[in-house]
Amino acid sequence: MTIELHKISVTTSGVAGSASGSAIKAVPRGKIKAIYLDYHASAPATSDVTIKAEADSTGIPGDLTLLTRSNSATDGWFYPKVQKHDNAGAAITGDYDDPVVHGGIISVTVAQADALTDCVVVYFYLEV
């Protein structure tokens, strides 16, 4: 297994406080190990960021939300996890694992921001 660094930049457009934007990136299938959010110095504290592992056209259903950061413009590291389940489908208390990028696509959506080039730059480490 190797760890790869990937980057997605989102430029927003619209009215201050309600500007939005999105970007996607094709990546190898793997597990998300860490995410770093790097906000533009002028990004407002109302900014919302949602990062998802998207479904794909080959029949893999459903998106998986990796991280939702609401009303913030503070840079930082995040280590998203998903809860494990037993063979009967019941959640295992306190047992978590790294989320899987199952469709090979990561999307980043920004809302409630100002119109900015590179409003948010997302760096994420993917184990492939």
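**Close-up 1. Asn71 sits in the loop between strand 5 (64–69) and strand 6.** Keep in mind that this whole model is predicted. Asn71 isn't a glycine, yet its phi is positive, at about 50 degrees. That's worth a second look, since most residues other than glycine have a negative phi. Is Asn71 buried or exposed? It's exposed, with a relative accessible area of 51%, and the cut-off for that word is over 50%.

**Close-up 2. Gln112 also has a positive phi, of about 55 degrees, without being a glycine.** This time we're in a strand: Gln112 is found in strand 10 (residues 105–113). Gln112 counts as partly exposed, and its relative accessible area is 35%.

**Close-up 3. Strand 3 (residues 30–39) pairs with strand 11 (residues 120–127).** The two pair in the antiparallel sense, over eight bridges. To find your bearings, look for Asp38, whose bridge partner in strand 11 is Val121.

**Close-up 4. Strand 3 has pairings with strand 6 and strand 9 too.** With strand 6 (residues 76–78), strand 3 pairs antiparallel over three bridges; here you'll spot Tyr36 standing opposite Trp77. Two bridges join strand 3 to strand 9 (residues 100–101), and this pair is antiparallel as well. Gly30 is the residue to look for, as Val101 of strand 9 stands opposite.

**Close-up 5. Lys33, Lys81 and Asp98 are linked in a network of salt bridges.** What joins Asp98 to Lys33? Their side chains meet in a salt bridge, 2.5 Å from N to O. Asp98 lies in the loop between strand 8 (91–97) and strand 9, while Lys33 is in strand 3, so this contact ties together parts that are 65 residues apart in sequence. Asp98 also makes a salt bridge with Lys81, at 2.2 Å, N to O. Lys81 belongs to the loop between strand 6 and strand 7 (82–85), so that pair ties together parts 17 residues apart in sequence. As for accessibility, Asp98 is buried at 7%, whereas Lys33 is partly exposed at 29% and Lys81 is partly exposed at 44%.

**Close-up 6. Lys84 and Asp95 meet through their side chains in a salt bridge.** The structure holds four salt bridges, and in this one N and O are 3.7 Å apart. Lys84 is in strand 7 and Asp95 in strand 8, so the pair ties together parts eleven residues apart in sequence. Lys84 is partly exposed, with a relative accessible area of 33%, and Asp95 is partly exposed at 27%.

How values were computed. Residues numbered from 1 in each chain as written. Predicted model: local features only at pLDDT ≥ 70, side-chain atom pairs only at ≥ 80, totals over all residues. Heavy atoms only, no water. Pairing = 2+ DSSP bridges. Helix = DSSP H or I, 4+ residues; strand = E, 2+ residues; numbered from the N terminus. Buried < 20%, exposed > 50% of the residue type's maximum accessible area, 1.4 Å probe, protein only.
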